[in-house]
Each structure stands twice: as structure tokens, then as C-alpha cells.
Amino acid sequence: MSAAYHTFTLGNTLTDEQKAFFEEHGYIHFSGFLSPEEVQEIVTASEEVQEKWIASKVEKVNGVPVKYGKDLDGRPIVQRFAFLNQHTKVLSDLLRDDRMQALLQLIGPGARIGANEKDGMVLNHYVNGPESTFTKMGWHTDGLRDIFLGGKLNPMLNVGIHLSTLRPENGGLRIIPGTHKQGILSMLFRKKYFVGHKPDKNELAIIPKAGDLTVHDGRLWHRVAKSSIIGEESRRRVIYVPIIAGKYEPKHENSPTLLYQRLAGVILK
Ligand SMILES: O=C(O)CCC(=O)C(=O)O
Ligand SMILES: [Fe+2]
């Protein structure tokens, strides 16, 4: 059995204990990274960007499709923003926080925050209502796309900044600790990518408070469980920012839409 659930506090440098925990389990949970006021400021900033994107019918950002859906009242919302950091100062500033920079120590030389690479800063907004289609996400690892893209798996971590306080009934992130140490075959075939949703006997529920920060290794298996609560109480917002090493590959306005991103539009429902 696993030990009691452990959260840490993130400072301007990582402690040896924090590094060792991450190395062993492939994830780490820091509580109280942002204050309630900072969380609110971020939510408001995302709503301002959302209004602009809806008004000007933005379909893609740097080649990455924007996912739209319906809120509880039927109004259109953005459910997956990409490169959000490029569209509001509140979020570009967040990436410069010394504590964010401290996380680079988790992957070693050449590490950087992927502000302009991959999908940049992503914000997922889930809500479970009568017209919702984006309520869960099947089992996957975030690193697989790299294998498809270049054959080579570059080190990659995903930093989650949680903007909603959850209870277990809210669903949310489920991970299988330790799977970052699996071989390539297990990374490819342990589960059915994105279509498998069954709970795993070894899965761990990440139950954050708004303002918490988590990091998971790009090789770790995880999914998003559907909320069993319906309505306003089911609302869940979470930001992801990649930390990467390897070749610098910035995206720009004319970057192509990748096959997996087209598939995601079909599968991620
Ligand atoms: O919403 C989450 O917590 C996880 C989302 C996720 O795994 C992803 O976007 O790759
Ligand atoms: Fe993921």
C-alpha cells in the first residue's frame, strides 16, 4: 500500500526530499502555490481572452485547435485554450515566477518552460451539464506524441496549476504513480490511448485545492475522471505548462496542425 498522501510547499529552490519524491513516484503535489485572489485574477483573465476568441471565431492558435463547448446556460465557452500565456500578461508573468523556474531542476540541463513550444500554456475548462461533451479524458501519457513526431522521447514534464477546489466526487486527475519508469512497450500498450476510461487498481486521485500546483512526468499514465456531480459544482479549471529539454522548437502562427491534434478533436469527448 502507498504511504499517506503527501503534499509539499514550493519555494525558490527544490529540496532534496522533493526531488527524491518526484524521481521515485513521477509526480509531486505542492499546496498553496497561488492565493485565492491570484486564482480569481487568472480566471478573469481567461474569460477576457475567451470573449475575444469567441467574438473573432479563433479556430487555432499556432496550429493548435481551440476546443469550444457549451456552458450550463448554453452559452459558448472555450474548453481548451492553447498558448494562453501569449494572450494575457497575467499568465505570461506567472511563468516568470521564481518558483516556476525552480521546477526546471526536475529534469536537468537544457530545461525550459515551453512558453512557445508544444501547445504552450493550456487551460482546460470542464463542466458537467446537459450540453457538455468535455467532461473526462481517457488514459494517456503526454509524451507519446513525441514518439510519433520524431521517434525520440525527449524529457518532458507537465506542470498543473489547479484553479478549482475539488472533492473526490468531482472527478479530476487520476495518475498511476511510478509508471514513468516503465519501458517503451508499457508506455505504448499498457492501456488504450484516450478511449480507455476504466479506473485502475493502482491509480491515485489528485484532489487539489484551488491554487495548488502539481507536476507529472510525461511518461506517467493518467486520465481525467468524470465528475459525478452535475451543474455549477462540477466546474473545473486547470492550467498545464510543459517543461521540456532537447531541441528548441517554437511554434508560430503558420505552424501546421498535427495529426494527433486532429484526432484529439474526434476522440476527446
Ligand atoms: O485536466 C487534467 O487534469 C489533465 C488533462 C490532461 O491530461 C491533458 O490535457 O493532457
Ligand atoms: Fe495529459
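**The iron site and beyond**

Modeller: Happy to! Along the sequence, the donor residues of the iron ion (ligand 2) follow the spacing H-x1-D-x79-H. Donors here are N, O and S atoms within 2.8 Å of the metal (3.2 Å for Na, K and Ca), and water is not among the atoms, so sites may look incomplete. Helices (H or I, at least four residues) and strands (E, at least two) are DSSP runs, numbered from the N terminus. This is a predicted model, where local features need pLDDT of at least 70, side-chain atom pairs count only at pLDDT 80 or more, and totals for chains, interfaces and linings use all residues. Residues are numbered from 1 along each chain as written, chains are lettered from A and ligands numbered from 1 in the order written, and side-chain values use heavy atoms, leaving out hydrogens and water.

Biologist: Which atoms are the protein donors of the iron ion?

Modeller: NE2 of His-140, OD of Asp-142 and NE2 of His-222, lying 2.1 to 2.2 Å from the iron ion.

Biologist: Is His-140 buried or exposed?

Modeller: His-140 counts as buried because its relative accessibility is 4%. Buried means under 20% relative accessible area, exposed over 50%, partly exposed in between (1.4 Å probe, protein chains only). His-222 is buried too, with a relative accessible area of 4%.

Biologist: Now ligand 1. Which side chain has an N or O atom 2.5 Å from an oxygen atom of ligand 1?

Modeller: That is Tyr-126. For His-140 the distance to a ligand 1 oxygen is 3.1 Å, and for a polar side-chain atom of His-222 it is 3.0 Å. A polar contact is a pair of N or O atoms within 3.5 Å; within protein, one must be able to donate a hydrogen and the other to accept it, and residues adjacent in sequence count only if both atoms are side-chain atoms.

Biologist: Which strand gives the largest share of the shell around ligand 1?

Modeller: β14, with three residues. At least two residues each come from β7 (122-128), β8, β13 and β14 (231-244).

Biologist: Changing topic: where is Gln-50?

Modeller: In helix α2 (residues 36-55). Gln-50 is buried, as its relative accessible area is 14%, and a polar atom of its side chain lies 3.0 Å from the backbone nitrogen of Val-78.
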